[in-house]
Every structure is written in C-alpha cells, then in structure tokens.
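Thank you all for making time this morning.

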Amino acid sequence: EIMPSLVGSEMCIRDSVSVVTMAFYSGVGRVSYFDIQVSADGKKWEKVYSGESSGVTDGYESYFIGSHKARYIKVQGTGNSTSGWNSYSEVQAYGR
C-alpha cells in the first residue's frame with residue numbers, strides 16, 4: 001500500500017512560484033514519485049506538476065512548474081522505486 005506523504009510550507013514569494021528544487025534522501029539508486037501543488041490561500045490546491053526524480057543524484061533537482069501565483073506549496077509523495085515511502089532532504093521554491 002502506498003502511504004502518501006505531505007510536505008507543506010508557507011512561501012516567501014511575493015508574486016509567483018515557477019521552479020521547485022528538491023534533494024531526495026538516498027537519491028542515488030532509487031526514483032521518487034511525487035506531485036507538486038500550489039495554493040493562494042492554503043485551502044484550494046492546484047496540481048501543477050506530476051513526475052519523478054532522476055534516481056542518479058543526492059543533490060538538488062529542479063522542476064519547472066510554469067508561473068503560478070501562490071503563497072503555499074505542497075509536495076505529495078507517492079512512493080519510490082523500492083517502497084511506498086518518500087524521503088526529502090530539502091525542498092526549495094523560487095519565483096519572482
């Protein structure tokens with residue numbers, strides 16, 4: 001059974017968010033699957049990205065999500081290539 005995990009944090013971006021960078025624990029050798037969602041109010045969420053990590057680095061990987069007005073971001077993990085868990089070392093968001 002896949003146990004989704006949620007990571008949420010208030011954004012410090014005035015206008016919009018367009019890039020999310022993430023580093024995955026044990027990022028070498030396993031691929032992590034996840035969705036990225038954004039919200040202006042923390043109540044209504046919009047999925048803006050669905051994808052996977054490369055599985056070849058423990059360093060940051062960048063995900064370009066388009067430009068979205070958002071104060072909040074949520075990463076929902078949907079497992080990895082070896083189990084139903086996700087482990088993030090760090091999540092960062094950038095915008096204008």
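This is a predicted model: local features need pLDDT of at least 70, side-chain atom pairs count only at pLDDT 80 or more; totals for chains, interfaces and linings use all residues.

Let me start with a question: where is Ser53 found? Ser53 is found in the loop between strand 4, residues 46–52, and strand 5, where strands are DSSP runs of E of at least two residues, numbered from the N terminus. Residues are numbered from 1 along each chain as its sequence is written, and side-chain values use heavy atoms, with hydrogens and water left out.

Ser53 is buried, with a relative accessible area of 4%, buried meaning under 20% relative accessible area with a 1.4 Å probe and protein chains only. Not counting residues up to four places away in sequence, Ser53 touches Phe24, Arg30, Val31, Ser32, Phe34, Glu61 and Tyr63, a contact being heavy atoms within 4.5 Å. A polar atom of the Ser53 side chain also lies 2.8 Å from the backbone nitrogen of Ser32.

Turning to the sheet, there is an open one of three strands in the order 5-2-7, with antiparallel pairing, and two strands count as paired if DSSP finds at least two bridges between them. Strand 5 (61–68) and strand 7 (88–95) stand at the edges with a single partner strand each, so one side of each has no neighbour in the sheet. Strand 2, residues 17–24, pairs with strand 5 in the antiparallel sense over five bridges, and within that pairing Thr21 has Ser62 as its bridge partner in strand 5.

At Val17, which lies in strand 2, the relative accessible area is 0%, so this residue is buried. Val17 and Gly95 are 78 residues apart in sequence, yet their C-alpha atoms are 4.0 Å apart in space.

Finally, which residues of the largest nonpolar core touch the most other members? Of its 14 residues, these are Met22, Phe34, Ile36 and Ile65, a nonpolar core being a set of buried Ala, Val, Leu, Ile, Met, Phe, Trp, Tyr and Cys residues joined through side-chain atoms within 4.5 Å. Strand 2, strand 3 (32–39), strand 5 and strand 6 (72–80) each supply at least two residues of this core, and strand 2 gives the most, with four. Leaving aside neighbours within four places in sequence, Ile65 is in contact with Val17, Ser18, Val19, Val20, Ile36, Val38, Val48 and Tyr49.

How values were computed:
Buried means under 20% relative accessible area, exposed over 50%, partly exposed in between (1.4 Å probe, protein chains only). A polar contact is a pair of N or O atoms within 3.5 Å; within protein, one must be able to donate a hydrogen and the other to accept it, and residues adjacent in sequence count only if both atoms are side-chain atoms.
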